[in-house]
Every structure is written in structure tokens, then in C-alpha cells.
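Take a look at the chain below.

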Amino acid sequence: MFDQLIAFFESVDPVWAALFAGLFTWSLTAIGAALVFVFRNPNKKLLDGMLGFTGGVMIAASFWSLLAPAINMSQGEGFTKVMPAAIGFALGALFLFVLDKILPHLHLNHPVSKTEGVKTKTPWQKTTLLVLAITLHNIPEGLAVGVLFGGVAAGIPEATIAGALTLAIGIGLQNLPEGLAVSFPLRRAGMSRGKSFMYGQSSALVEPIAAVIGALAVGFFTPILPYALAFAAGAMIFVVIEEVVPETQQGDNGDIATLGFIGGFIAMMMLDVALG
């Protein structure tokens with residue numbers, strides 16, 4: 001099955017491949033959000049465990065799929081070899097830090113008074129703020145997938161179709177609980193199931209767009225690939241530390257979330273090494 005997927009993605013243009021992979025990761029978010037039609041009130045322990053799993057997948061993907069290839073494909077020895085990854089990583093974290101300070105958004109389970117970003121004259125709806133928070137989360141994930149496909153197009157040996165697909169599968173898996181994490185709080189707040197689903201899935205619509213942008217950028221500027229891979233890694237780890245980890249430790253399920261994190265890291269590591 002995986003070999004057939006590789007053969008298909010090898011047969012299409014890398015930009016189209018990035019778009020297809022981004023649509024796949026979005027679809028998993030939509031499936032997670034659609035569970036609002038199935039379950040009335042999901043177990044909080046399960047949600048926290050799944051959110052921890054999300055963080056573990058993102059951290060593992062940042063190293064195994066992004067940082068390690070970025071370092072391997074850089075020229076030179078010692079500090080010279082690692083500098084592109086270090087610079088890209090710092091820029092990725094800085095990019096998300098600036099967006100976090102500018103774009104109004106609200107973290108899960110926080111009151112509207114805790115809205116972050118630039119204050120607006122007219123208060124934004126809590127729903128919009130929640131979706132924007134998860135959208136911020138999804139930008140580096142789409143970029144990461146697109147950058148790897150762009151590296152394949154550029155003929156970089158360290159960037160492979162198998163590696164890009166593995167990353168897309170891992171991100172798709174952790175997108176399931178993200179869809180849940182948006183749609184269920186909205187449903188509990190009194191929104192209809194249909195609207196809760198629509199808002200839940202819309203938070204990941206940025207992923208196929210970011211994937212195409214990442215693939216095009218690397219395709220036009222091949223030398224930036226190590227920087228671009230590390231950029232995506234830095235942005236993803238910023239999201240985990242800024243949003244995912246604090247969220248999992250808010251309630252009484254910190255241990256479960258931590259175990260979920262470990263499980264997510266192991267799952268992504270095994271996927272990347274075994275398939276990528």
C-alpha cells in the first residue's frame with residue numbers, strides 16, 4: 001500500500017503532490033471535527049491524552065523529518081554544517097512568535113478576557129478566536145509537508161517522497177484530536193453540531209495552502225531547503241511549547257497527557273524510521 005502511494009506521488013508534479021498531501025492532513029482534521037455528530041460529551045481524559053499525543057508527534061516530526069535532514073544536507077563541518085539549521089530554526093520560532101503577538105486568538109478553554117494578539121476596537125467572537133488559534137498551529141505543519149516535496153523536486157537526496165508522505169501521515173494522525181479540540185468546546189458552548197463541525201474543520205484549511213507555498217518556495221530557491229526545513233521545525237516546536245503543553249497540563253490529567261505525548265513521539269519516530 002505504501003509503495004503504491006509512493007509510486008503515485010512520484011508520478012505527479014511535486015507542487016500537486018504537496019497540495020494532495022495538504023488536503024489529506026486537512027481531511028483528518030475534518031474527520032476529527034465530524035465526531036461531534038457521533039459523541040455527546042467525550043471523556044476529558046481521552047481528549048487530554050490525544051492532545052498530548054499531538055505534541056509528541058509534532059516534536060518527533062520536527063527532529064526526525066525536518067531538523068535531521070536539514071543538518072545532513074548542509075555543507076561544511078562543525079559549526080558551519082549546523083548553522084543553516086540553527087538559523088532556520090530560530091527564524092521559524094520568531095515567525096510564530098510575531099504572528100502570536102499580532103493575530104488575535106484564544107487558546108482552548110480560556111475566557112475571552114484572555115485573548116492574545118493585537119486588541120481590536122470591536123471584540124471578536126470567541127469562535128473566531130479559537131479557530132484562529134488552531135490555524136496558527138497548522139501553518140508550520142503545512143509548510144513542513146510542502147518544503148519536503150519541494151526538496152524532492154529539487155533533487156535533494158535527503159528529501160524523499162517516502163519521507164514527505166510519512167510526515168504527512170504523522171501530521172494527519174495528530175490532526176484528528178485537533179478537530180475534536182475545536183468542535184467539542186464549541187458544541188458545549190451551545191453551537192449546533194453543523195456549525196461546530198464547520199469551524200472545527202476550517203481551522204486546517206490553511207494546511208494545503210501552506211504546503212503549496214512551501215513547495216513553490218523551495219522549487220524556486222533550492223539553496224534555502226535546509227533553512228526551510230529547520231524553519232518549519234522551529235515553528236512547530238514553538239506551537240508545542242506555547243500552546244499544546246500548557247493546555248495538557250491545565251486540568252487533572254497531566255499524567256495522561258504526558259503518556260500521550262510519549263506515545264505520539266514513539267509513533268512518529270517509528271513511522272519516520274520505518275517508512276521514511
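Helices (H or I, at least four residues) and strands (E, at least two) are DSSP runs, numbered from the N terminus. Read along the sequence, the protein follows the pattern α-α-α-α-α-α-α-α-α-α. That comes to 10 helices and 0 strands. The model is predicted: local features need pLDDT of at least 70, side-chain atom pairs count only at pLDDT 80 or more, and totals for chains, interfaces and linings use all residues. Residues are numbered from 1 along each chain as its sequence is written, and side-chain values use heavy atoms, with hydrogens and water left out.

**The whole chain**

The protein has 276 residues, and 50% of them count as buried. Buried means under 20% relative accessible area, exposed means over 50%, and partly exposed lies in between (1.4 Å probe, protein chains only). The accessible surface is about 12,500 Å². Carbon and sulfur atoms hold 71% of that surface. These areas come from the Shrake-Rupley method with a 1.4 Å probe; for residues, only the protein chains shown count as cover.

Contact means heavy atoms within 4.5 Å. Take the contacts between residues at least 6 apart in sequence: 80% of them join residues at least 24 apart.

Axes are lines fitted to C-alpha atoms, for helices over the stretch in contact, and angles run from 0 to 180 degrees between N-to-C directions. A crossing is left-handed if the near helix is turned anticlockwise from the far one by less than a right angle, and right-handed if clockwise.

| Helix pair | Angle | Axis separation |
|---|---|---|
| α2 (residues 14-34) and α8 (residues 206-220) | about 155° | 8 Å |
| α3 (residues 44-72) and α9 | about 160° | 9 Å |
| α6 (residues 161-188) and α7 (residues 193-202) | about 150° | 8 Å |

Start with α3 and α9, whose axes pack at about 160°. That angle makes α3 roughly antiparallel to α9. The cut-offs are under 35 degrees for roughly parallel, over 145 for roughly antiparallel and 65 to 115 for roughly perpendicular, with the rest oblique. The crossing of α3 and α9 is left-handed. Residues in this contact include G52, G55 and L66 of α3 and L229, A233 and T248 of α9. By class, the contact of α3 with α9 has 18 nonpolar, 4 polar and 2 charged residues. Here Ala, Val, Leu, Ile, Met, Phe, Trp, Tyr, Cys and Pro count as nonpolar, Asp, Glu, Lys and Arg as charged, and the others, Gly among them, as polar.

Next come α2 and α8, packed at about 155°. So α2 is roughly antiparallel to α8. Their crossing is right-handed. Among the residues that meet are L19, G22 and W26 in α2 and P208, A211 and L216 in α8. This contact divides into 11 nonpolar, 2 polar and 1 charged.

The crossing of α6 and α7 is right-handed too. G179, V182, S183, L186 and R187 of α6 meet R193, S196, F197, Y199 and G200 of α7. The classes are 4 nonpolar, 4 polar and 2 charged.

**Two residues**

Is L229 buried or exposed? L229 is found in helix α9. It counts as buried because its relative accessibility is 0%. Leaving aside neighbours within four places in sequence, L229 is in contact with L66, P69, A70, M73, V147 and L148.

Q249 sits in the loop between α9 (225-248) and α10 (254-275). Its relative accessibility is 42%, so Q249 counts as partly exposed. The C-alpha atoms of Q249 and G52 are separated by 9.3 Å, though the two are 197 residues apart along the chain.
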